Amino acid sequence: ITMDDNFLYISDSGNNDGNRKDLNIIIINHKKNFEKVGSINFKYSDQSNFKKRKKHPYDAEALISVNDKLILFSKNRLTKKTELYLIPKIPGDYELSHIKSLNSEALITGGDYNDSLKMVALVGYNKKGNQFIYKINQFELESIDQLELIRLKLPLDGKQIEAVKIVNENTFFITSEDEGGGHAMLYKIKI
């Protein structure tokens, strides 16, 4: 989920098994009783195999809004990298090709962008149950080729971090799922 001054964008792009053909982002007018005003439907330009499988690059959960674009961060189950996909905020059907790949060494599950700080925060986890928070400072669409990913391990082993909110340049709220073995949690992290 992300938003701008006009709309709320809800990404329905989770694709654990790599077999979905109905990926989309729902556009909601949060100022008018949360009315649905459109949908951004998409597919990956290089995906031709829709067979159910565990390792593939066609899953994504983290979505941010930057200027007139949405940026979707992949949850690449094959390489443990995250690919960035630029999407117009205009309803329609799109075929996506990634514009940048970052070596996250984990599955990215949530993201946030703070325009005044020009900062992106991402969260994710790896197969060993380690949880991570990532920062990208000086995030500008014009210089996306020069992005540097700062990765920090969180002391939350065994949790599954799913969302992040930037409070300031060193403080973040993150959430974890229940995962059937505990409670969903909200954490305040200072780094």
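**Close-up views around strand β11**

**View 1. Strands β11 and β12 run antiparallel and are joined by 6 bridges.** Strands here are DSSP runs of E with at least two residues, numbered from the N terminus, and two of them pair if DSSP finds at least two bridges between them. Look across from L122 and you will find its bridge partner in β12, Y134; A121 is likewise partnered by K135 of β12. The hairpin of β11 and β12 has 5 residues between the strands, and G129 adopts a positive phi near 90 degrees there. Please keep in mind that this is a predicted model, in which local features need pLDDT of at least 70 and side-chain atom pairs count only at pLDDT 80 or more, while totals for chains, interfaces and linings use all residues. Residues are numbered from 1 along each chain as its sequence is written, and side-chain values use heavy atoms, with hydrogens and water left out.

View 2. L107 sits opposite Y125 of β11. This hairpin has 4 residues between its strands, and K118 takes a positive phi near 55 degrees. Together the strands form an open sheet of 4 in the order β10-β11-β12-β13, with β10 and β13 (150–154) as its edges, each pairing on one side only.

**View 3. Strand β11 is largely enclosed by the rest of the structure, because 7 of its 7 residues are buried.** Buried means under 20% relative accessible area, with a 1.4 Å probe and protein chains only. M119, A121, V123 and Y125 cover one side, and V120, L122 and G124 the other. In a regular strand, side chains alternate between the two faces of the sheet.

**View 4. The largest nonpolar core holds 19 residues, with I71, F73, L84, V120 and F139 having the most contacts inside it.** Such a core is a set of buried Ala, Val, Leu, Ile, Met, Phe, Trp, Tyr and Cys residues joined through side-chain atoms within 4.5 Å. At least two core residues come from each of β5 (60–66), β6 (69–74), β10 (107–114), β11 (119–125) and β12 (131–136). Beyond its neighbours within four places in sequence, V120 is in contact (heavy atoms within 4.5 Å) with residues including I64, F73, Y134, F139 and I166. A second, separate core has 15 residues, among them I25, I27, F42 and A60.

Definitions and conventions. Buried means under 20% relative accessible area, exposed over 50%, partly exposed in between (1.4 Å probe, protein chains only).
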